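Please look over the sequence and the structure below before reading on.

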Amino acid sequence: MMQHRDDSAGQAVPRSASDQPLLEVGIVVAGQTDAADMQAIRLMRDRLAERLQEDFGEFRWVLTLVNRAEALSRLPGSTRVEPVELLEVGQTERESQHWDFILIVTQAELRTHYKPYAVGIVARIHDAAVLSTSRLDPRSESTAVHHEGRVAAMSERLLALALHALGHLNGLVHSADSDNIMYEMARPSDLVAMQSWTAEQKSDVVENLRLIADVRLEEQADAGRTSATSFYVRGAWVNRHEIADAVLQAHPWEFPQRLGRLTTAAFSTVLVLLMTAETWDLASSVTAGQLAGLLAIALCVTTAFVAAKQRLLVRRGRRLTEQTVVANVAAVAIVLSGMMTTFFGLLGTTLAFQVLVFRTSVVKTWAASLHEPWTFAHSLVVASFVAAMGLVIGAFGASFEEYNYFRHIAFVDEET
Ligand SMILES: [Zn+2]
């Protein structure tokens with residue numbers, strides 16, 4: 001396996017700084033890169049190390065560059081790649097490293113799902129970003145640019161893009177100022193002006209970095225003695241705010257709209273069930289306890305099915321790490337909240353449909369075994385029952401969602 005290591009930026013840090021908390025950024029160059037790209041990436045790494053040390057000097061920064069030229073060879077036609085495939089490359093790399101953040105840099109164009117194109121994507125639950133030089137290269141605008149011009153332009157844009165991504169990974173949101181690093185750029189040339197943090201942004205980042213620089217759970221003295229379950233519970237509890245942030249960033253409330261096949265399958269099921277007399281008879285005789293149990297099972301089964309089928313969980317490496325715990329708990333929480341959104345959407349629609357379309361006299365004959373007047377509570381029970389069924393069938397529909405698309409929705413917070 002071809003691998004080049006280059007730790008020179010780390011060694012540039014003075015020895016006297018060793019009592020400062022350590023932060024490590026891994027830069028993985030994925031796929032084939034030409035000479036100008038590689039030179040630009042190295043230059044960006046050196047300048048990023050300087051910039052981080054200058055702006056966040058209370059930490060000791062180590063930036064490691066790893067070349068994974070072979071990483072994309074298994075992906076056919078690798079001029080346009082799925083960012084989630086590259087996240088996986090970074091994840092594999094991290095298993096043997098202690099990186100706090102990963103930047104995966106590629107020369108290939110990124111496949112996007114929300115925007116016409118992107119020069120980068122940010123995935124908070126993996127503390128990772130993917131950056132593409134393809135549109136940062138001045139050659140994409142004009143063929144008359146010489147080698148030095150390409151290196152200078154690409155490294156400058158790549159540096160701004162890396163800082164922007166690290167800003168997001170530390171919880172920053174966009175700024176309206178075109179000279180702020182967190183400006184929401186419209187075109188790659190905007191990156192040139194994106195140079196500064198505000199004092200407030202800096203202190204927010206420092207606060208977040210302090211949490212990250214704390215000793216990780218797996219490095220604590222008793223780590224070897226705890227079981228995987230208690231390690232998961234502790235990891236999830238310690239990182240509960242980070243996990244909650246990651247879930248919010250993923251916008252699970254947009255799942256029904258983004259996951260067209262799941263939603264269509266769920267709604268078709270609901271319609272068919274509503275038109276079936278037996279559904280009404282069965283659902284109206286269900287007790288509140290049975291209904292609650294049914295709902296819990298439906299949510300758990302669909303979440304587990306989707307997480308497994310779409311391979312959303314990071315497999316543990318040689319040992320379980322806090323990072324893996326955060327990524328996996330967040331992934332499950334994102335899917336669960338997406339499923340709950342879909343459930344409530346189905347419930348609301350079903351209720352509205354019942355009230356508007358079905359007359360009580362008809363419903364009463366369908367719910368033959370019910371020996372009491374039909375009330376709204378009965379409608380609610382039937383709607384919940386039907387929505388839960390719809391969700392389960394819909395989740396099987398989700399297995400038809402394109403594998404990378406689903407992971408993109410769950411993991412990618414921003415296409416930059
Ligand atoms: Zn952004």
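Which residues of the largest nonpolar core touch the most other members? In this predicted model, that core has 68 residues, and the ones that touch the most other members are Leu 86, Leu 87, Ile 104 and Phe 411. The points below begin with this core and then turn to the domains, the helix pairs and some individual residues.

**Nonpolar cores**

- Within the core of 68 residues that includes Leu 86 and Phe 411, the most is given by helix H12, residues 322-357, which supplies ten residues.
- This core draws on both parts of the protein, taking at least three residues from domain 1 (5-213) and at least three from domain 2 (228-415).
- Apart from it lies another core, which has 47 residues, including Met 38, Leu 131, Leu 169 and Trp 197.
- Leaving aside residues up to four places away in sequence, Ile 104 touches Val 28, Ala 30, Leu 86, Leu 87, Gly 90, Ala 129, Val 130 and Leu 131.

**Domains**

- The protein is divided into domain 1, covering 5-213, and domain 2, covering 228-415, and the C-alpha centres of these domains lie 36 Å apart.
- Where the domains meet, 28 residues of domain 1 are in contact with 28 residues of domain 2.

**Helix pairs**

- Helix H2 (residues 35-55) packs with helix H4 (residues 147-169) at an angle of about 45°, and their axes are 8 Å apart.
- H2 and H4 are therefore oblique to each other, and H2 passes H4 in a right-handed crossing.
- The residues making this contact include Ala 36, Ala 40, Leu 43 and Leu 48 of H2, together with Val 151, Met 154, Leu 158 and Ala 162 of H4.
- Helix H6 (residues 228-238) crosses H12 at roughly 75°, with the two axes coming within 9 Å, and because an angle of 65 to 115 degrees counts as roughly perpendicular, that is how H6 and H12 are described.
- On the H6 side this contact is made by Phe 231, Tyr 232, Gly 235, Ala 236 and Val 238, and on the H12 side by Glu 322, Thr 324, Val 325, Asn 328 and Val 329.

**A covered helix**

- Helix H15, residues 403-411, is mostly covered, since eight of its nine residues are buried.
- Among the buried residues of H15 are Asn 404, Arg 407 and His 408, as well as Tyr 405, Ile 409 and Phe 411; Phe 411 is also one of the residues that touch the most other members of the largest core.

**Residues in loops**

- Most residues other than glycine have a negative phi, whereas Asp 127 has a positive phi, near 50°.
- Asp 127 is placed in the loop between strand E7 (120-123) and strand E8 (128-132), and at 5% relative accessibility Asp 127 counts as buried.
- His 251 also has a positive phi, near 50°, but at 30% relative accessibility this residue counts as partly exposed.
- The loop between helix H7 (240-249) and helix H8 (255-258) holds His 251, and Trp 253 has its place in the loop between H7 and H8 as well.
- Trp 253 counts as partly exposed at 46% relative accessibility, and, not counting residues up to four places away in sequence, Trp 253 touches Leu 248 and Thr 341.

Methods. Residues numbered from 1 in each chain as written. Predicted model: local features only at pLDDT ≥ 70, side-chain atom pairs only at ≥ 80, totals over all residues. Heavy atoms only, no water. Core = buried A, V, L, I, M, F, W, Y, C linked by side-chain atoms within 4.5 Å. Buried < 20%, exposed > 50% of the residue type's maximum accessible area, 1.4 Å probe, protein only. Helix = DSSP H or I, 4+ residues; strand = E, 2+ residues; numbered from the N terminus. Domains from an automatic or database assignment. Contact = heavy atoms within 4.5 Å. Axes fitted to C-alpha atoms, helices over the stretch in contact; angles between N-to-C directions. Parallel < 35°, antiparallel > 145°, perpendicular 65-115°, else oblique. Left-handed = near helix turned anticlockwise from the far one by under 90°.
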